[in-house]
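The points below are meant to be read beside the coordinates. Please check them against the model as you go.

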Protein chains: 4
Amino acid sequence: MNYEQILKEIYQESKSLPTFGNVSTSIPELAKIDGNKFGIHLTTINHQDFGIGDSGEKFSIQSVSKALTVALAFSFLDEKVWERVGVEPSGSAFNSLVQLEYEKGIPRNPFINAGALVIADMLVSNLENPKEDFLKFIRKISGCQAINYNLKVAKSEKETGFRNAALANFLKSFGNINNNVETVLDFYFHQCSLEMTCKELAHSFFFFANEGKSISGEQILTKSQVKRLNALMQTCGFYDESGEFTYKVGLPGKSGIGGGIAALFPKNFVVATWSPRLNEKGNSELGMNALELLTTKTGMSIF
Amino acid sequence: MNYEQILKEIYQESKSLPTFGNVSTSIPELAKIDGNKFGIHLTTINHQDFGIGDSGEKFSIQSVSKALTVALAFSFLDEKVWERVGVEPSGSAFNSLVQLEYEKGIPRNPFINAGALVIADMLVSNLENPKEDFLKFIRKISGCQAINYNLKVAKSEKETGFRNAALANFLKSFGNINNNVETVLDFYFHQCSLEMTCKELAHSFFFFANEGKSISGEQILTKSQVKRLNALMQTCGFYDESGEFTYKVGLPGKSGIGGGIAALFPKNFVVATWSPRLNEKGNSELGMNALELLTTKTGMSIF
Amino acid sequence: MNYEQILKEIYQESKSLPTFGNVSTSIPELAKIDGNKFGIHLTTINHQDFGIGDSGEKFSIQSVSKALTVALAFSFLDEKVWERVGVEPSGSAFNSLVQLEYEKGIPRNPFINAGALVIADMLVSNLENPKEDFLKFIRKISGCQAINYNLKVAKSEKETGFRNAALANFLKSFGNINNNVETVLDFYFHQCSLEMTCKELAHSFFFFANEGKSISGEQILTKSQVKRLNALMQTCGFYDESGEFTYKVGLPGKSGIGGGIAALFPKNFVVATWSPRLNEKGNSELGMNALELLTTKTGMSIF
Amino acid sequence: MNYEQILKEIYQESKSLPTFGNVSTSIPELAKIDGNKFGIHLTTINHQDFGIGDSGEKFSIQSVSKALTVALAFSFLDEKVWERVGVEPSGSAFNSLVQLEYEKGIPRNPFINAGALVIADMLVSNLENPKEDFLKFIRKISGCQAINYNLKVAKSEKETGFRNAALANFLKSFGNINNNVETVLDFYFHQCSLEMTCKELAHSFFFFANEGKSISGEQILTKSQVKRLNALMQTCGFYDESGEFTYKVGLPGKSGIGGGIAALFPKNFVVATWSPRLNEKGNSELGMNALELLTTKTGMSIF
C-alpha cells in the first residue's frame, strides 16, 4: 500500500472541498484557532510514518484523551471499570444530563462527558499525583517527552465549564464520584488540554492497533483488553454520530472538539487527523471525510 | 365558622390515623427531626388565631420559602420575572434536570428547585445584602422579629446539595444565572433553612390571602399580583402532586420537605400545617390530609 | 355587574387587536373555517344570557368535549375513574406519547388525548349505545335538542387521526383500553365532532358552576364532584398552557382546537368563547385574551 | 481452525451453565416454545458446514429478519434508504416511542421496530407482491426453498401487536409511512414469522460475510454495501445491548426475540445460534454466551 501517495490524494481532495462547519467556541482559548488548519499522520504497524499538511503542529486533543484515560483506568481496574460506567452508545448529545437522570447516575459509556468524569474520578483515586502521573503515562505510551498540558486551555475550560460542573455534581449526587468535585473537574480539564501533533497522537494510539504493545514495545494492555476498547470506540467514539462514522469509515476511533480524530485498523495502522471545523454533532468535518476517503482508497475495512 | 372546634376535630382524626411516610433524609440535619410532630395554625382574615398540637414549635420551612422569595422578586421586577422562569406545572420531580435540558435552561416555574435558584439569583442581584435583606423582608411580612435562619441546616444542605449544585451550574451553562454559582447556592441554602412556627408561617403568608396587605397592614404586593401568585401556587405549589392537591384540597399553597405546608383561602384565611413524614412525592402526608379535612369540614373551597 | 356592557367592551377591544395565530389544519374539515369568527356568550347563575358576535353560530367543540365525557364517566364510576387516569398536569403537548411510555400507560389527566381516550373507553363499556347515549346526555345537560355530531368532521378526523390511533394502540398495549381500538376511536372522533353555539356550550357547562345542577335544574353530579372537576380543569384544562391560563385568567375551563373555550366562575357564571385562530400551544388566542379581559373588567377571580 | 471441535466445546460448556432468562411471552404462539432448545450452525466462507444441538430445527427468526429486509430495500434504493431512517444506535428499548417523538418520526436505525416498519413500508411500495416476493428473495439468498412464513405466528402477532400498531400509526402521523398502516403491519408480522433452522439462517446471512455474494454465488449487494450493513449491525444489531455485544463478541450480528442470533466474521464465517431464553434486554442469553466463547476460542475478532 502506497500510503504516501494515498495521503497526498486525500489531502488534496479534502483541501479542494468547500469549507464548512465552525471552530468550536465553547472554550474561549480554543475559539482562537485557525479553522483552516489540516493535517494527517498515519503510522503503520511496522513503524512507518507518513504525515502531510499541518500534521506536525500541536493542537488540543480534548475528548480524544478519553480513550487514553479509560485505557489507564482499565489497566488498573480491568472489568471493575464497568461497575460505574456502561459500554452502550448513548443515542444523545455528548453533554446531555437527561439519560443520566433516567439511569440513576451510571453514564452510558466512558466517552460521553459524564462517563469521562467517572473515569477521571477513578484515576484521581488510583494515582498518587493524578495530573503528573497521567502525563507520564501519555509520554510513555507515545514515546514522546514533549507532550504537555496547555494550562491556558485548562484554565479557560474551568472558567466556562458549567455544564461539566453540572455533570460532576449530578454524578456526585448519585454517589458516582468519590473524590471532591473540584479535584475531579481539575483533572478532567487538564486531560482535555493535552496538546499533541498528529504524529504524537498517532503514536499514543499505537498500542490500540498493536495488540496492546506501545510504539516502544511496552505492553500497556493485554490483547483482549485492547480488543474490547477498540470495540467500545467503534460503537461510542463519535458521540451521537458513532453509527454514522462506523457506517462510513468502519474503523474504531475517537474524536475531540479541538478538531482531532484518532482512528485505527487493528494490526495494520493508526491514523490521526486534525481540522478544527466541526459539524453540528461536534466532530471534525474534514477529518471524518479524510478517513472515509482513506478506507475507500485503501479498500481496508474491518467489515 | 367555629375554627377552634374544626381544628380540634382535624387534629384528633389525623392523630388517630396509622402513621405512614418517612422524615426526609436528604439533609442530614433534618433527618434528626421527630416524625411524630404535628401542628396546625389558622389565621382568619380578621386576625383571629387558632393553633393546635405542635403549632408553636419551630421547624425548617424549606421549599415553602420559595413562595416568599418569588413574592419579593415579583415586588421588584413584576412581570419581568417571567422572562427567566415559566408559570407552567412541570409534570416532573422537583429536582429533575431533564425538562431543563429540553427547554434550554428556562425552568418551568419558580417552585421547582431550578426555578427557585433563578429567583435566588434575581434576589442576589437586587438586594444589597441578600441574606440579611431577605430575612428583614420575612420579619416585616410576618411581623415577627424572632424568625431566623438555622445555620446548621444551611451548612448541612450545602455539604450534601450536589443535585442543587448541578442545577445551578446547569442553569449557568444556559446563561440563566448571572451571579457566582456559589453565592446563589449559599443564598438558596439559607432561604430554605428559615425556621418558623406554624403561627409565624401562617402570618408570613397572610398577605397572599389579604389582597397583598400583610398582617400589620403593609401593602407587600398589589391585589393583582397576589392573585397571580396564588394562581401559580395552585397549579405548581406541590411539585408533581399539584394536581392531586388541587383536586383534593382546592386551595393555593406551598409545601416543603421539612414537612410544612402553607395554604390559603383568598379573603378568608391562611393555614399552616407541620408534620415531617412525607409521601413519595415529597409532600407532608398528614398535612395534606389535614387540609383536605379542613375544606371538607368547612365546606369552603374556591371551586 | 353590567355583563352586557362588559361583553361589548371585550368584543370591541378584542376585535381591534391585530389578528394572529392560525386556524388548525390538523383536521381537513376544520381547516375550512373562517378564522375571523368571534363570539362570546355568558350565562349567569341566575339564568341571564348575554351573547355577542358570532355567539349563535355552531362550531366544532373538539376537546372541550373532554370535560363533558369525564363528567359522564365520573357520574358512573366516581373515584374509580382515577384508577386508570391521573389528575396531574402533564407538562407536555396534548398529544405526546413520551410521558405515557415512562408512566406505563396511565395518562396524566383526562384532558390530554391519551386520557380522553381512556375515558372514551370507559363510556363505551358503560353505555348501551355509546354515541347515541352520550348525545342524549349532552342534550339533557344543555337543555338543547338541536345539538348534534358533525359526521363530516368525525370522518375527516378518522381519516387523518394517526396520532390518536397511535395513542389508542399504545394504551391498549399497556392494557389500559378494554374495548376494540376502532370502537374507542370512533366514539372519540364523534365526541370531538360535537357542534354547539357559544350559548349551547355555556349551557352545557352550567352545572359545573351551579354545584352540579344543570340549567334545567337536574342534579348531574354532586356538589363535591363538580368541585373536583373544576379543580382539574384549573390545573389541566389548557394542555401545556394551563399554568399560563390560570395565571392570567384564574378560572377553571377547557379549550378545543376548534377555537372554543368554556370557562366558569363557580356560583357566578359560565362563559363560552369562540375564535378559531390558535396560538402555538393550540389554544384560541382571542378567546384567552377575552377571558383575561373578563376577569380584569369584572374584578372577579377565585384567587 | 477445527470448528467442529470448537462448536462441541461451546455447546457442552453452554449446556452445563445454569439456565436463566425466560422465553418471550409477548407473542402467545412463541410463548409455547421449549426454552431448553439450543442449536448452533457455522458456515465457513469455503462452504463448510458445522452444526450441533437443535441446529436443524425450525424456529421463528423474528427481528433477525430486519437485516434481510434492509438488505433488500438497500438493493433497490441504495443510500436513499437513509432519507427515512437513520444509522445511529438508539440508546433505548427496541419498541420505544420516545425518541421517535423527539426526532419527528425518523427512526434511529432499521433494527428497532420503528425503523423496520419504515423499511417494510419501502418494500410494500417497491415489490409487486410484497409478501410473496420477499419470501422468494429469502429462498434465493439462502438457496433453500423450504423456508416459509408461519401463518399462526403472524396471526398471533397481529392480534397482540398493539405496540407495533402504535408505532406504525405514529410514523404515519409524521408522514413516514406511505402505504396503508394495516398493509405495512401485515407485511411486518409476516417477515417476523419467517421460520428457519440455524443452518438456513446461516446460509441466508452468507452474503454479508462473502462481499455480497450469496451461498449459490449470486451477487446480492455490492462489496461496499455489505460492508456498510455489517457496520450497521455492529452498532445497532442488538437493540440497547449492541455496545455490550460488540464489547464482548466483537462481530456484526442481529438478534430476535424468538431466541435466534445470526453473526458473521467478514471473509471468514457466518454463524447462527438459537436458544429461546432471553435476557432482560430481549437477547438470547445462551446465544450471546456461545458467540462470546466462539471469539475467545478461535481468537478471531475484527478488532
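1. Between chain A and chain D there are four salt bridges, a salt bridge being a side-chain nitrogen of Lys or Arg within 4 Å of a carboxyl oxygen of Asp or Glu. Arg108(D) and Asp240(A) form a salt bridge, with their closest N and O atoms 2.7 Å apart. Helix 12, helix 13 and helix 14 (285–298) of chain A are the elements that give two or more residues to the side of chain A that touches chain D. Helices (H or I, at least four residues) are DSSP runs, numbered from the N terminus.

2. On conventions: this is a predicted model, in which local features need pLDDT of at least 70 and side-chain atom pairs count only at pLDDT 80 or more, while totals for chains, interfaces and linings use all residues. Residues are numbered from 1 along each chain as its sequence is written, chains are lettered from A and ligands numbered from 1 in the order in which they are written, and side-chain values use heavy atoms, with hydrogens and water left out.

3. The A–D contact involves 31 residues of chain A and 31 residues of chain D, contact meaning heavy atoms within 4.5 Å. About 2,800 Å² is buried between chain A and chain D, with carbon and sulfur atoms giving 55% of that area. Buried area is the accessible area (1.4 Å probe) that two parts lose on being put together, summed over both. In chain A, the residues losing the most area to chain D are Lys227(A), Tyr247(A) and Phe303(A), together 31% of what that side buries.

4. Twelve residue pairs are in polar contact across the interface of chain A and chain D (both at pLDDT 80 or more). A polar contact is a pair of N or O atoms within 3.5 Å; within protein, one must be able to donate a hydrogen and the other to accept it, and residues adjacent in sequence count only if both atoms are side-chain atoms.

5. An unreviewed UniProt entry lists Ser63(A), Asn113(A), Glu157(A), Asn164(A), Tyr188(A) and Tyr239(A) under "binding site". UniProt positions are in the numbering used here, feature names are shortened, and annotations may be inferred rather than shown by experiment. Of these listed residues, Tyr239(A) sits in the loop between helix 12 (223–236) and helix 13 (242–248) of chain A. The side chains of Tyr239(A) and Ser63(A) make a polar contact at 2.9 Å.

6. Glu157(A), also listed by UniProt, belongs to helix 7 (residues 151–160) of chain A. Glu157(A) counts as buried because its relative accessibility is 5%, buried meaning under 20% relative accessible area (1.4 Å probe, protein chains only). Leaving out residues up to four places away in sequence, Glu157(A) touches Ile27(A), Gln62(A), Phe189(A) and Cys192(A).

7. Ser156(D) is in helix 7 (residues 151–160) of chain D and is buried at a relative accessible area of 7%. The C-alpha atoms of Ser156(D) and Ile27(D) are 6.3 Å apart, although 129 residues separate the two along the chain.

8. Ser14(A), in helix 1 (residues 3–15) of chain A, is buried, with a relative accessible area of 1%. A polar atom of the Ser14(A) side chain lies 2.8 Å from the backbone oxygen of Ile10(A).

How values were computed
Buried means under 20% relative accessible area, exposed over 50%, partly exposed in between (1.4 Å probe, protein chains only).
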